[in-house]
Structure formats: structure tokens, C-alpha cells
Amino acid sequence: MSAPLLSVDDLVVDFSTRAGNARVLDHVSLEVTSGEVLGIVGESGCGKSMTALSIMGLVPNPPGKVTSGSIRLEGRELVGLSEAELCEVRGRDIGMIFQEPMSSLNPVFTVGEQIAESVRLHENASPKAAMARAVEMLRAVEIPEPELRAKAYPHQLSGGMRQRVMIAIALACRPRVLIADEPTTALDATVQAQIFDLLQDLQTETGTAIILITHDMGAIAELADRVAVMYAGRVVEKGTVETVLSNPQHPYTKGLITCVPHLEPEPPMLREPLPEIPGVVPALTDLGKGCAFAPRCLERIAQCDDSKPPLKATTGPHLTACWVAGQ
Amino acid sequence: MEPRNSALVVEDLKVHFGGGRGLFATKPTVHAVDGVSFTVPAGQTFGIVGESGSGKTTTALAIMRLVDVTAGRVTLGDTVISDLDKEDLRAARRQFQIVFQDPYSSLDPRKRAAEIVREPLDLMQIGTRAERDARVTELFGQVGLRPEQRALFPHQFSGGQRQRLGLARALSTKPDLIVCDEPVSALDVAIQAQILNLMARLQQELGLTYLFISHDLGVVQHICDEIAVMYLGQIVEQADRVTLFTNPQHPYTKALLAAVPMVHSNKRNRRDRIRLKGDPPSPVDLPNGCRFASRCPLAESRCHEQTPELREISPGHRAACLLL
């Protein structure tokens with residue numbers, strides 16, 4: 001594997017809440033190389049989006065703060081940069097697509113102006129050149145009649161078109177890393193497929209590294225090269241998509257794969273109840289000293305309640321944080 | 001338990017919005033549901049799938065009489081739901097109930113859990129006070145909530161537990177039919193399985209009939225017996241769950257199935273499938289001919305002129321396409 005483009009090492013993020021300190025990211029380590037898609041999966045409240053916000057330097061402070069760890073983009077440390085320095089990184093080096101395209105676009109500016117804004121900011125382009133780039137980007141994300149659409153306001157576009165505009169904004173300055181936080185959750189299935197195709201095409205052309213955050217194992221299977229499964233602020237399993245999906249080691253990963261009714265090309269006549277992961281994600285303020293998943297785990301042993309399992313290799317580059325796995 | 005003899009029959013249901021006179025011109029008519037017919041045998045689950053704007057939710061609301069029915073007939077057992085007037089409708093509502101998508105906004109935040117579940121019984125004055133309280137306790141047990149949770153407010157429950165409350169409220173009047181509008185879409189994946197298993201168990205125990213609205217084909221395949229695919233207010237294909245997924249006929253169904261990301265696929269093989277371009281046209285300016293023709297990869301010139309009828313292409317399998 002070549003040197004990672006972006007690496008997150010031992011990142012710890014704490015939030016102080018009325019109920020006490022919540023460790024939302026607990027020694028998270030991730031890396032993504034150029035031209036690669038890293039998937040991050042988990043339920044809500046597992047730290048997926050917080051990982052993305054930390055990389056962007058957008059952890060709300062207070063109440064949150066990066067307690068320790070480092071985030072490096074091509075060797076450059078991002079933790080501790082000033083707001084002005086971060087502003088240069090955001091948009092230029094790292095782009096981000098948010099879940100809800102309607103609420104993340106500014107309703108009083110045309111989509112062309114919103115794409116041009118980051119080009120003018122980061123590349124000192126003239127307004128005219130920036131607008132030309134905006135039209136070019138709209139064409140790149142396959143919006144019909146881009147010259148006309150550049151003058152449209154967000155409310156005049158459909159959900160799928162808005163998400164294309166978001167992608168155009170994120171990619172306008174040709175960032176080396178693109179973070180896509182649930183980019184298709186609000187979209188219909190056929191539009192989701194179009195957006196996935198588009199992301200894949202753009203990546204092939206530009207070699208941008210993509211971090212795809214989702215709860216859909218199907219999306220991971222179709223788009224990602226490697227996957228990290230998160231639970232209660234920790235990475236519990238990490239490896240290539242093929243190994244993790246075909247041979248999951250952590251009971252949580254196994255549960256996530258089997259509990260979803262996957263579409264089968266040939267459904268069985270008899271229906272079995274779905275395997276369940278009992279219970280819910282725990283509150284991050286009262287995690288015990290043991291494995292956070294233990295209360296919901298069907299394979300737990302005595303050791304699980306005593307100490308947190310480290311993320312260690314089970315087979316090759318396939319890492320799992322579980323006392324039971326690999327035994 | 002044996003299913004009760006009360007099938008749901010929907011005949012040529014139409015729901016149109018707008019069309020009245022506005023300030024300057026006639027308002028456009030939205031053909032939200034445009035001639036939908038199907039039958040759900042008692043004790044079965046009928047699924048309606050489609051994208052946003054296909055009319056699946058409006059169909060559900062029209063059956064519940066929560067929007068005005070423009071034309072057509074809805075019958076549940078011996079009751080013609082679509083013909084009932086105010087007081088009769090209120091009394092008949094104990095037979096059919098609905099569970100909504102968002103379990104948070106569909107529960108009154110100022111009421112305690114027990115009150116929420118009891119409210120339909122209070123409104124319809126079913127049983128004595130003591131009987132209603134006993135019924136609430138029974139319902140909490142049925143949906144897997146603990147008795148001491150009766151005094152809590154909705155915000156003190158997790159998303160999955162709130163949906164259990166929604167189910168308990170729907171079940172309180174012992175209905176025959178429960179209309180479920182995307183009941184698990186707002187829930188986390190691990191919680192979805194818990195609710196789907198609960199719904200399947202309740203159906204077996206109580207002989208319920210479900211009308212299940214969803215955009216998630218995996219969920220629909222798992223829980224439904226018969227499935228209709230809707231596009232722009234009409235059913236384009238309908239079959240039992242095994243036939244629809246093993247032998248889809250309508251190009252839209254095929255494209256919809258191809259669009260779903262699957263765990264067993266990978267980066268390399270996802271490209272050789274049917275892809276739809278663009279978004280569905282608006283239900284205001286409906287095209288002539290087949291409504292899907294503008295996005296259909298197989299469309300011929302006659303598809304833009306002739307309107308296809310929903311017809312039986314093999315026993316129990318209906319599709320609306322000129323090319324079949």
C-alpha cells in the first residue's frame with residue numbers, strides 16, 4: 001500500500017455535556033490513499049459524522065474538543081491549525097458533501113454563484129473565470145443545460161440535482177480528499193444509483209480519495225475498497241471490503257450485515273425472522289470499562305465486561321477489536 | 001389466530017389535488033393517485049413500492065380517509081370506507097388504523113405513553129375506564145415495552161421504542177387493517193429488524209392485514225406477500241413476492257431493482273445494469289401515452305402515443321407495458 005494521503009491517528013474527541021464527559025471518538029485511526037474509497041459504517045451515534053467533522057476541523061468548540069491524536073494530510077498536521085489556515089484547507093484540499101442538500105445550500109444565491117465562491121476564494125480567480133468553472137463543474141456532474149442551471153436557485157432544482165450541485169461545489173477546487181456523509185440518504189433509489197455512478201466516474205478521472213459515510217452495507221459493497229465499522233466512538237473492525245463483508249469477525253459487523261433484509265434476486269418461499277441486534281447504541285456518557293458492545297453482544301464472555309479489546313490483526317490487514325474474534 | 005374475513009378492496013381509486021380557481025388562473029391539477037385497484041386478502045401483507053411522487057403515501061392516506069377521495073371505492077369487509085360520512089367514519093375507524101413514518105412527530109410530546117396508547121379507546125369510548133387501562137397494559141406487553149414505561153413521555157423513548165408505541169396505539173382498537181407508511185424508514189438498521197420481526201409476530205398472533213408502504217425493496221421483499229410497484233400515480237406491475245423479484249417484467253421494476261445496492265455485488269459488476277436517467281416527470285403535466293416512456297430505455301414511438309393497460313401477463317402477475 002502506498003503512503004496514505006490522509007491519516008487519522010489515535011484521535012480522541014471529547015464533548016462535555018450536562019451528564020458528564022462524552023468521549024465521542026475514542027482512539028480512532030483511519031487512513032485513505034489516493035484514488036481509494038474508504039467506507040465508514042455504523043448506526044447513528046457511533047461517531048461516523050464526528051470523524052468527518054474532525055477531519056474538516058469543524059468539531060463545535062465548546063462543547064467539543066480534540067483531546068489528543070493527529071490528522072495528517074500528506075504529512076501536514078491539521079490538528080491545531082488556526083481557523084484561517086483551516087479555511088484554506090477546507091474546500092481546496094478536502095471537500096465535503098452533506099446529507100441534506102437542501103439545507104446545506106444557501107437559498108438566496110444561485111447555484112452557479114455558490115460553486116464559483118470557493119473557486120474565487122481558493123484560487124483568486126476573477127468572477128468571470130470562476131463562473132466559467134462553475135458551469136464546467138455543472139457539466140461534469142451531468143446536469144443538463146449547465147449554463148441555464150447555473151442561474152437557478154436551489155429551490156428550483158430537484159433533490160437529485162441539488163446533490164449534484166453539492167458534489168460540484170465540493171469538487172470545484174479539485175480537492176484531494178472528498179468526504180461524503182450519507183450523500184444519498186434523502187434520495188430515491190434510481191437517483192442514488194446515478195449519484196454513485198457519478199462519484200465513481202469523477203474519482204476515476206481525478207484520483208480523488210473518497211471517505212464514504214453510510215449505514216448501508218450495500219453501498220459499501222458497491223463503492224468502497226476498504227471499510228471501517230464504528231461503534232460507540234471506536235473503530236471495531238477494519239479491512240478490505242471483500243474480507244470484511246464475506247468474513248466479518250466482530251459480532252457487531254456480523255449483526256449489521258445480517259439484520260438488514262437484503263434484496264435477494266431469488267427470495268426464498270419461507271420467511272425466517274430477521275436476526276436482531278438486541279438493544280440500542282449506549283449513551284456515550286456512561287460507557288463502562290468493558291467493551292461498549294458487550295451488553296448487546298450474543299457472543300460475550302466474562303473478559304468483555306472487564307476491559308476494552310484492542311484493535312488487532314485477525315488475518316493480514318484485517319483488524320478487529322473483539323476478545324472473542326479469532327479465538 | 002385465524003384471519004378475520006375482511007379483505008381490503010380498492011377499486012379505481014383516484015385522488016387529484018388542486019384544479020380549483022386561483023387568483024389569476026385555474027390551479028393545475030395534480031394527479032397524485034390515478035386509477036389504482038387492488039385487493040388485499042385478510043391476514044396478508046400488501047406492499048406498495050415506488051419513488052417519491054409515485055402516489056404510494058397518498059394511496060395510503062386515501063384508504064385511511066385522511067385525504068379526500070376524488071373517485072373510486074375502498075371497501076374493508078362489509079364497510080365501504082370511501083362512502084362513510086363523518087360520524088359513521090369515526091365509528092368505523094376502529095377497524096383500520098395507521099402507523100406513520102416518523103415515530104417522533106407522530107406522538108404528542110405532552111402526553112404520557114399510556115395516554116397516547118389509550119387515546120383511540122377514549123375517543124371511541126370503547127370499554128370502561130378499568131378495561132381501557134387493562135388494555136393498555138396488555139398492549140405494552142404485546143409490543144415489547146415494560147409496564148413501568150407507561151408514565152414516560154415520548155422524548156424519553158428511543159426511536160425503536162417510539163415506533164413500538166405507534167404500533168400499540170394502532171392496535172388498541174383491535175383493528176382488522178393496519179396501514180403502515182414507511183414504518184421503519186426513520187429507524188437505524190439494527191432497530192429496523194426488531195420492528196419488522198415484531199410486526200410479523202403481531203400479524204400471526206392477531207390475524208392482522210397490513211398495507212405496507214415503503215421505498216425500501218429489501219424490506220418489502222422480506223415482509224410482504226403481494227407487491228405493487230407504483231409510478232406517477234398508477235400501478236405499473238403487481239405480483240406475489242417471489243414472482244416479482246425473480247421475474248420482473250416492467251422496465252421500471254427492472255430499473256428499480258437494479259438501482260438497489262447489494263451486499264453480494266462489488267465495484268466491478270455494478271455497471272452492467274439498466275440505469276434510468278433524470279427524475280420522474282411531475283404529476284402536474286402528465287405525458288401522453290405511457291407515463292414512464294420518457295425515462296424508459298426500451299421506449300418505442302408507440303409508447304408515447306398509446307396508454308398501456310394494467311393487464312394479466314401470467315396468472316396473478318399484472319403489468320402495464322405495451323412491449324410485453
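**Confidence.** I started with chain B, whose mean pLDDT is 89. I also noted that 95% of its residues reach 70 or more. This is a predicted model, so I looked up the scores for the assembly too: the predictor gives the complex an ipTM of 0.82 and a pTM of 0.87.

**Sheet.** Next I traced the strands of chain B. I found four of them in an open sheet, ordered β2-β1-β4-β5, with antiparallel pairing. Which strands sit at the edges? I get β2 (29-40) and β5 (79-80) of chain B, each pairing on one side only.

Then I went to the β1/β4 pair of chain B. Strand β1 covers residues 8-18 and β4 covers residues 71-76; I count five bridges between them, in the antiparallel sense.

**Helix α4.** I moved on to residues 129-142 of chain B, a helix of 14 residues. From first C-alpha to last I get 20 Å, close to the 20 Å expected at 1.5 Å a residue.

Which residues of α4(B) are buried? My list has Arg132(B), Arg135(B), Val136(B), Leu139(B) and Phe140(B). They span an arc of only 140° around the axis, so they lie on the same side of α4(B). On the other side I find Ala130(B), Glu131(B), Ala134(B), Glu138(B) and Gly141(B), which are exposed.

What do the buried residues of α4(B) pack against? I see α3 (113-123) and α5 (159-171) of chain B as their partners.

Last entry: just after α4(B), I checked Gly144(B) and noted a positive phi of about 80°.

Methods
Residues are numbered from 1 along each chain as its sequence is written. Chains are lettered from A and ligands numbered from 1 in the order in which they are written. This is a predicted model: local features need pLDDT of at least 70, side-chain atom pairs count only at pLDDT 80 or more; totals for chains, interfaces and linings use all residues. pLDDT is the predictor's confidence in each residue, from 0 to 100. Two strands pair if DSSP finds at least two bridges between them. Helices (H or I, at least four residues) and strands (E, at least two) are DSSP runs, numbered from the N terminus. The expected span of a helix is 1.5 Å times one less than its number of residues. A residue is buried if 20 or more other C-beta atoms lie within 10 Å of its own, exposed if 12 or fewer, and partly exposed in between; C-beta atoms are placed from the backbone. The arc is that of the directions from the helix axis to the C-beta atoms. Two residues are in contact if their C-beta atoms, placed from the backbone, lie within 7 Å.
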